Amino acid sequence: GAGNFNSATGAVSVAGTNGATFYITGVQLEKGSTATSFDVRPYGTELALCQRYYQQIGKSNNVSYQPFATGVCTSTTAATLVINLPVTMRGNPSFTFNNAANTFTGTSGTRATSVVTDVMSPTTVMYIVNVASGLTTGNGARHYQDGTSASSLELSAEL
């Protein structure tokens, strides 16, 4: 037929729409002019490779009381907590905690007032949760998301 038929009726132009997103998959970029075979890695392998650069703990569909880490109460207002990472990161990660006020620590649900880094390595993260009061020095502690609001710990070791 005559005419310019390059899309379906009513289709949105990705190039002509501000903020549009175009997804592509199954592409492998090569350096040079010689192509190699296409690598299809298992999901677990690909996930582990990605986790070398970025990991997020929490914010999983607002799962009630999702744990972040365990540790010990070092005073009545602070607990030191440790996470052994499931995959070794490519370097010491940066640490971002989103919505720290939506988390609890200790054994009786004491609301966190702040979260700060302590020791970072490619395999282990140690951080401190501060609270107004209510912890018992020497007792075990856990840090977890509250039952209604999302919070997350993000670790990034980008290039």
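Biologist: Which residue stands opposite Ser94?
Modeller: In this predicted model, Ser94 faces Ser156, a residue of S9. Strands, like helices, are DSSP runs numbered from the N terminus (strands E, at least two residues; helices H or I, at least four). Residue numbers count from 1 along each chain as its sequence is written, local features need pLDDT of at least 70 and side-chain atom pairs pLDDT 80 or more, while totals for chains, interfaces and linings use all residues. Side-chain values rest on heavy atoms, without hydrogens or water.

Biologist: How many bridges join S4 to S9?
Modeller: Five bridges connect S4 and S9, and the two strands run antiparallel. Strands count as paired if DSSP finds at least two bridges between them.

Biologist: And what order do the strands of that open sheet have?
Modeller: The open sheet of three strands is ordered S1-S9-S4, with antiparallel pairing. Its edge strands are S1 (54-58) and S4, each of which pairs on one side only.

Biologist: Changing topic, how many helices and strands does the protein have?
Modeller: There are one helix and nine strands. Counted from the N terminus, the elements run α-β-β-β-β-β-β-β-β-β.

Biologist: What box do the C-alpha atoms fill?
Modeller: Along the principal axes, the C-alpha atoms of the protein occupy a box of roughly 80 × 40 × 25 Å.

Biologist: What share of the residues is buried?
Modeller: Buried residues account for 30% of the 159 in the protein. Buried means under 20% relative accessible area, exposed over 50%, partly exposed in between (1.4 Å probe, protein chains only).

Biologist: Which members of the largest nonpolar core touch the most others?
Modeller: Among its 24 residues, these are Ile83, Phe95, Val125, Tyr127, Leu153 and Leu155. Such a core joins buried Ala, Val, Leu, Ile, Met, Phe, Trp, Tyr and Cys residues through side-chain atoms within 4.5 Å. Strands S2 (67-73), S3 (78-84), S4 (94-98), S6, S7 (124-131) and S9 (152-156) each give two or more residues to this core. S7 supplies the largest share, four residues.

Biologist: Is Thr110 in S6 buried or exposed?
Modeller: Thr110 lies in S6 (residues 110-120) and is buried, at 13% relative accessible area. Leaving aside residues up to four places away in sequence, Thr110 touches Thr103, Phe104, Thr105, Val131, Ser133, Gly134 and Leu135, where contact means heavy atoms within 4.5 Å.
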